[in-house]
Amino acid sequence: MIFITAKFRVRPEHADRWPQIAAEFTEATRAEPGCLWFDWSRSLDDPTEYVLVEAFRDDEAGAAHVQSAHFREAQRTLPPHLAETPRIVNATVPQQDWSPLGEMAVPEGS
């Protein structure tokens, strides 16, 4: 799968509304057949920073995402709300879902 984490620094005046600003893009991406997940989190330390964790089934699904109409629309509509260019980590990993964190395993029945 293609695993991507991106940090978005949002202008302070738009930070509280970022989930609504990005909602259409988020919903459309989650509906893509090759999207495994597309999840936003807000930093606990910096209220203007959002982290996007996303995954796509394979290279073809990732290419379909960046070639989609909603991606092109997001390229036009989201940057005016940002304080800087988002930063990204993009990797191909040999799995299709999250793996258990064995070091913090919760015993069955707990």
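Which residues lie nearest the centre of the largest pocket? In this predicted model, they are Phe-8, Phe-25, Glu-54, Phe-71 and Pro-86.

**Figure 1. The largest pocket and its lining.** Here you can look around a pocket with a volume of about 440 Å³. Its lining is made up of 21 residues. Two or more of these residues come from each of β1 (2-9), β3 (49-56), α3 (59-66), α4 (69-77) and β4 (87-92). Strand β1 supplies the largest share, four residues. By type, the lining divides into 16 nonpolar residues, four polar ones and one charged.

**Figure 2. The tilted pair of Phe-8 and Trp-18.** The count of aromatic pairs in the model comes to ten. In the pair shown here, the ring centres of Phe-8 and Trp-18 are 6.0 Å apart, with 35 degrees between the planes. Phe-8 sits in strand β1 and Trp-18 in helix α1 (residues 18-21), so that the pair links parts of the chain ten residues apart. Both partners are tucked away: Phe-8 is buried at 11% relative accessibility, and Trp-18 is buried at 1%.

**Figure 3. The stacked pair of Trp-37 and Trp-98.** The centres of these rings are 5.1 Å apart and their planes meet at 25 degrees, so the pair counts as stacked. Trp-37 belongs to strand β2 (residues 35-42) and Trp-98 to the segment after β4, so the pair ties together parts 61 residues apart in sequence. Trp-37 is buried, at 9% relative accessibility, whereas Trp-98 is exposed, at 55%.

**Figure 4. A cluster of aromatic rings.** Ring pairs join Phe-8, Trp-18, Phe-25, Phe-38, Trp-40, Tyr-50 and Phe-71.

How values were computed: Residues numbered from 1 in each chain as written. Predicted model: local features only at pLDDT ≥ 70, side-chain atom pairs only at ≥ 80, totals over all residues. Heavy atoms only, no water. 1 Å grid on protein atoms, 1.4 Å probe; cavity = no way out; pocket = protein on both sides within 12 Å on 5 of 7 lines; lining within 4 Å. Points joined across faces, edges and corners; volume = space filled by probe spheres on them. Nonpolar A, V, L, I, M, F, W, Y, C, P; charged D, E, K, R; others polar. Phe/Tyr/Trp six-rings, centres within 6.5 Å; stacked < 30°, edge-to-face > 60°. Buried < 20%, exposed > 50% of the residue type's maximum accessible area, 1.4 Å probe, protein only.
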